[in-house]
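Please consult the sequence and the structure shown below alongside the text.

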Amino acid sequence: FAEERKSNENTDVDEMKIQTMYKMVEECKIVVHGKEVAKKVLYLTNKQAVMFDEEAMHRVIQALDIGEPKFVIKLLPSIGSAMQMTIAHSELIGTHEVEFGVSTNASSEISKEDERVVETQLLLFMKTCVLPLAMQTKALILIGGANDCVLSASLSKVVLAEQARLGKDCPFTVLATVCEREIHSKAVDPDDRNHVAAQIARNSSAWQKRIVKMNDFYSDTMLIKALDSSANATESVLQQCDLTHAAERYIIFEGFDEDEDVKKTGCYNNGPQKAFESVFLQYMTRKLPSIAVQSFSASQGYPFLVDLTSRNIPVLLLDTTERCITSTKLDPKIGPLTKLAKESDSFPSITQAQHMQLRVEDGRICEEGMDTLLNIAMEMVERKLDVLCREGVIDMLDTSLMAFFHHVLTLGSNIGSVGGKAVPLHIQISELEKFQRTSKDSNKALLSPELVTRVLDFMNTRVSAWKVKCECSRVEKWLMKHD
């Protein structure tokens with residue numbers, strides 16, 4: 001009875017704190033790149049997280065001092081960069097999943113140079129697209145708090161300088177949400193106390209009260225997993241992520257349910273975090289315009305993207321593969337920047353017959369033309385997968401594939417006239433999009449169900465078959481290397 005009474009008293013205290021947000025948000029001063037900065041931190045247990053409804057979100061915004069943003073930019077957790085994963089997930093280096101390329105922690109590029117090109121392009125996207133939009137609209141930028149997200153890492157490299165230069169006058173705010181499990185190892189690392197997570201953990205009284213309990217929980221859980229022969233090897237080690245530098249505000253979710261029996265370990269549960277984030281996003285986007293950005297592999301899954309679109313939140317899918325249709329800018333003097341684009345002929349020329357089929361009727365490409373364009377796109381994808389297979393690389397960039405085919409299916413405008421027997425496809429696509437922007441008759445076309453079905457069949461059959469073939473090639477190369 002004493003334990004039950006204590007639990008009820010703690011629940012009452014939590015409810016009162018949430019009603020007032022009294023001392024729930026803490027200001028933690030930490031050092032980032034040699035400069036002291038202040039971060040606002042809200043640490044929530046699962047019992048606290050489930051108590052927040054939409055009405056309470058207004059108090060959260062006030063307590064975090066978010067201000068009055070005019071726009072919401074949500075950078076969705078995007079994983080799949082080998083370089084970023086090496087930084088954030090050292091516990092996975094050398095595991096079979098990474099070695100055999102079936103993990104999103106393994107690179108989907110065929111060379112280090114290609115990886116750097118992709119990283120540079122993402123930085124340019126952040127600098128020339130996201131940052132100016134955030135500055136102009138006093139945006140609230142929502143990001144994943146762990147430093148394994150490619151988009152968050154790219155944003156961090158761009159916004160830190162602006163935040164330092166503008167100080168309190170910085171017009172935009174970056175808010176990160178993260179599960180404690182992702183960053184706990186860095187928070188308690190005795191060998192390096194300069195991690196962002198470690199500094200915040202030392203300065204946050206709410207986190208300090210729970211960190212020993214969480215340490216005991218992880219120790220017991222990891223030991224059980226290590227003794228379980230059926231468990232995945234990665235389940236018996238903690239993630240090695242740190243908190244991203246980019247955020248000025250953090251919400252850290254404990255993600256742990258205590259058992260009523262104090263002798264029992266308890267269990268993981270990220271349901272309260274998902275529910276809180278969903279209500280928070282709904283509250284922020286109900287009256288404010290917003291956009292979500294996804295790249296690489298979707299950490300939260302594609303049903304979540306569908307949920308966003310059902311809330312009328314536009315979702316921008318980034319194709320990080322250099323190829324025609326999604327990338328129409330090609331300097332003929334330089335050619336493609338990546339080795340993959342060169343070897344897979346990702347900027348092909350089309351025949352005069354294909355050019356004639358790509359004709360416009362009523363402001364959009366005719367049915368025959370769309371069928372031809374889709375055939376060309378599928379051939380491009382197969383050439384890319386063939387190159388990856390020869391290199392022993394598995395394509396984990398699902399978002400890129402979706403973005404590519406979406407652009408193909410929604411493309412509909414005038415082709416223009418180019419003479420000759422072989423016509424560069426990227427020039428044709430550029431003219432298509434130019435006409436689409438200027439033509440009054442070029443309304444946004446509905447996706448053809450037949451073409452969508454063709455794409456889905458292609459992805460479920462041909463792309464899936466190529467993936468298996470790439471996996472076999474990866475294993476063969478590994479065996480040859482370790483013979």
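## Contact between H6 and H7

In the contact of these two helices, Glu119, Leu122, Leu123, Met126, Lys127, Val130, Leu131 and Met135 of H6 meet Val150, Leu151, Ser154, Leu155, Lys157, Val158, Val159, Glu162 and Leu166 of H7; contact means heavy atoms within 4.5 Å. The residues of this contact divide into 12 nonpolar, 1 polar and 4 charged. Here Ala, Val, Leu, Ile, Met, Phe, Trp, Tyr, Cys and Pro count as nonpolar, Asp, Glu, Lys and Arg as charged, and the others, Gly among them, as polar.

The model is predicted: local features need pLDDT of at least 70, side-chain atom pairs count only at pLDDT 80 or more, and totals for chains, interfaces and linings use all residues. Residues are numbered from 1 along each chain as its sequence is written, and side-chain values use heavy atoms, with hydrogens and water left out.

## Helix geometry

Two packed helices are described by the angle between their axes and the distance between the axes. The axes of H6 (residues 112-137) and H7 (residues 150-166) come within 9 Å and cross at roughly 50°. Axes are lines fitted to C-alpha atoms, for helices over the stretch in contact, and angles run from 0 to 180 degrees between N-to-C directions. H6 and H7 are therefore oblique to each other; angles under 35 degrees count as roughly parallel, over 145 as roughly antiparallel, 65 to 115 as roughly perpendicular and the rest as oblique.

For H15 (residues 367-391) and H18 (residues 449-481), the axes come within 8 Å and cross at roughly 10°. That makes H15 roughly parallel to H18. The residues of their contact divide into 13 nonpolar, 2 polar and 9 charged.

## Aromatic pairs

The count comes to 10 aromatic pairs. Rings of Phe, Tyr and Trp (its six-membered ring) pair if their centres lie within 6.5 Å; planes under 30 degrees apart count as stacked, over 60 as edge-to-face and the rest as tilted. Phe405 and Phe458 form an edge-to-face pair, with 5.8 Å centre to centre and 75° between the planes. This pair links distant parts of the chain, with Phe405 in H16 (residues 398-410) and Phe458 in H18, 53 residues apart.

Both Phe405 and Phe458 are buried; buried means under 20% relative accessible area, exposed over 50% and partly exposed in between (1.4 Å probe, protein chains only). One aromatic cluster is formed by Phe52, Phe253, Phe276 and Phe280.

## Chain totals and helix H9

The protein chain has 18 helices and 16 strands. Helices (H or I, at least four residues) and strands (E, at least two) are DSSP runs, numbered from the N terminus. Of its 483 residues, 48% count as buried. Among contacts with a separation of 6 or more, 79% are between residues 24 or more positions apart.

Helix H9 (residues 196-203) is mostly covered, with 6 of its 8 residues buried. These buried residues are Val196, Ala197, Ala198, Gln199, Ile200 and Ala201.

## Two loop positions

Gly167 is found in the loop between H7 and strand S6 (173-179). Gly167 is partly exposed, with a relative accessible area of 39%. Its C-alpha atom is separated by 9.6 Å from that of Val37, 130 residues apart along the chain.

Ser327 has its place in the loop between strand S12 (315-317) and helix H13 (339-343). Ser327 is partly exposed, at a relative accessible area of 23%. The C-alpha atoms of Ser327 and Ser346, 19 residues apart along the chain, are separated by 9.9 Å.
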